[in-house]
Amino acid sequence: MTNEQLLAEIREANLTYLMLAQTLIRQDKAEAVFRLGMNEESAAILASLSAAQVMQLASRTTLLCSSRVDD
């Protein structure tokens, strides 16, 4: 896998995560905050982002999501 392919995969994963997070927050903010592990302020900001802003944020070179494993 080339560096360019890896960055494209990261962008796709980020976009998928952001779109899912926005949907969850808009449906039930309290549950989304709990499930996504973010605070109320971050959830409000994420829910208010435009499509262009989501695309710009998804284009970062690092993953925006992380895996949370609890007992």
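A salt bridge is a side-chain nitrogen of Lys or Arg within 4 Å of a carboxyl oxygen of Asp or Glu. In this predicted model, the structure holds two salt bridges.

**Salt bridges**

| Pair | N to O distance |
|---|---|
| Glu31 and Arg35 | 2.8 Å |
| Lys29 and Glu40 | 3.6 Å |

Glu31 and Arg35 both lie in helix α2, four residues apart, and are therefore separated by about one helical turn. Glu31 is partly exposed, at 38% relative accessible area, whereas Arg35 counts as exposed, at 53%.

The pair formed by Lys29 and Glu40 links distant parts of the chain, with Lys29 in helix α2 and Glu40 in helix α3, eleven residues apart. Lys29 is partly exposed, with a relative accessibility of 33%, and Glu40 is likewise partly exposed, at 45%.

**Nonpolar core**

The largest nonpolar core comprises 14 residues, and those with the most contacts inside it include Tyr17, Leu36 and Leu46. Helices α1, α2 (29-36), α3 (40-48) and α4 (51-58) each contribute at least two residues to this core. Its largest share, four residues, is supplied by α1. Leaving aside residues up to four places away in sequence, Leu36 touches Tyr17, Ala21, Leu24, Ile25 and Arg68.

**A buried glutamine**

Gln22 belongs to helix α1 (residues 3-27). Its relative accessible area is 8%, so Gln22 is classed as buried. The side chain of Gln22 reaches the backbone oxygen of Leu46 at 2.8 Å. Apart from residues up to four places away in sequence, Gln22 touches Leu46, Ala47, Leu49 and Val54.

Key
Residues numbered from 1 in each chain as written. Predicted model: local features only at pLDDT ≥ 70, side-chain atom pairs only at ≥ 80, totals over all residues. Heavy atoms only, no water. Buried < 20%, exposed > 50% of the residue type's maximum accessible area, 1.4 Å probe, protein only. Polar contact = N/O pair within 3.5 Å; in protein donor to acceptor, adjacent residues only side chain to side chain. Contact = heavy atoms within 4.5 Å. Core = buried A, V, L, I, M, F, W, Y, C linked by side-chain atoms within 4.5 Å.
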